[in-house]
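Student: Could we walk through the aromatic rings of this model together?
Tutor: Gladly, let's look at it.

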Amino acid sequence: MYRVQPAAASVRCRMHSLVALGVAAALVLTGGPALAQATTFQCPALVASTARQPAYRPVPGQPRCEGFYVKNVSQPFVELVSLTQAVPGSWAAGNATGLTLRASRRRDTHLLIQPLRSSPLYRVDAQLARDAGLAWDGAPMLQATGLTLRDLGFLALAGGADPPAFVPVDTHAAGTPPGDKVYAVLRPSVAVSAMSWRGYRLAGPALPDSGWQALAGPPLFAWERVALPIPWPADGRGLRIDVRALDGQGQALPLLQFALLAADDDTPP
């Protein structure tokens with residue numbers, strides 16, 4: 001289960017990222033040599049599992065890699081595991097194993113599909129072309145992991161490294177107008193006593209509410225996830241997002257930061 005935090009009506013967001021799309025936004029993963037597809041799709045540098053099948057590898061003839069992998073955690077962190085236009089898990093309604101996914105209309109993005117929970121360590125990395133929908137068949141992943149669509153998170157990396165930039169993944173039918181907020185799912189690797197976040201811009205129109213906003217609710221256990229609704233600014237432009245957290249002893253975890261881009265935005269905020 002994850003907790004959903006209510007968003008203040010005029011909140012504008014910004015978060016610090018742990019992404020390595022291996023990518024991933026704040027999704028920092030450990031590695032081995034990078035895997036490349038014949039279609040030139042570059043897969044993240046990951047250590048393929050030797051204990052579970054299918055092991056992480058390129059999918060022949062497709063711009064995609066997927067499978068079980070191995071990850072080592074060396075220090076505590078807060079990570080971003082999903083960023084979508086829809087409420088987390090709502091995409092499972094009326095869908096058994098597949099979804100049509102969209103992100104930016106201006107740039108190609110790197111799609112990451114992964115469990116919202118900390119296990120199993122299975123992921124899909126794929127190319128998500130600009131202004132196009134990707135008909136994703138989730139049957140291989142769901143059969144291998146025993147998960148459902150409700151258990152999955154989606155990220156679309158648009159580029160950048162400091163911080164990485166993401167476009168919210170759209171799981172709605174084509175032509176559905178975007179809502180007034182997007183949803184980030186955060187997950188700490190250790191128990192945390194407090195979390196807060198803020199949204200801001202480095203240039204351009206300032207946001208009216210760019211200060212730190214506390215995430216209400218009881219402390220989080222290690223790997224417990226929390227869903228954070230992020231309202232879009234009135235001008236529709238992107239944001240920088242910071243997330244900070246304190247562990248059980250009151251020590252600060254590394255700041256999570258990332259940029260949030262709109263589907264029609266071609267310039268990081």
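Student: How many aromatic pairs does a search of the whole structure find?
Tutor: This is a predicted model, where local features need pLDDT of at least 70, side-chain atom pairs count only at pLDDT 80 or more, and totals for chains, interfaces and linings use all residues. Residues are numbered from 1 along each chain as its sequence is written, and side-chain values use heavy atoms, leaving out hydrogens and water. Rings of Phe, Tyr and Trp (its six-membered ring) pair if their centres lie within 6.5 Å; planes under 30 degrees apart count as stacked, over 60 as edge-to-face and the rest as tilted. On that basis, the number of aromatic pairs found is five.

Student: Why is the pair of F68 and Y122 classed as it is?
Tutor: The ring centres of F68 and Y122 are 4.8 Å apart. Their planes stand at 85°, so the pair is edge-to-face.

Student: Is F68 buried or exposed?
Tutor: Buried means under 20% relative accessible area, exposed over 50%, and partly exposed in between (1.4 Å probe, protein chains only). With 2% relative accessibility, F68 is buried.

Student: What is the geometry of F77 and W223?
Tutor: The centres of these two rings, F77 and W223, lie 5.9 Å apart. Their planes meet at 70°, so this pair is edge-to-face.

Student: Which residue has its charged end over the ring of W212?
Tutor: A charge sits over a ring if NZ of Lys or CZ of Arg is within 6 Å of the ring centre and within 35 degrees of the ring normal. At 3.8 Å from the centre of the W212 ring, the residue is R244.
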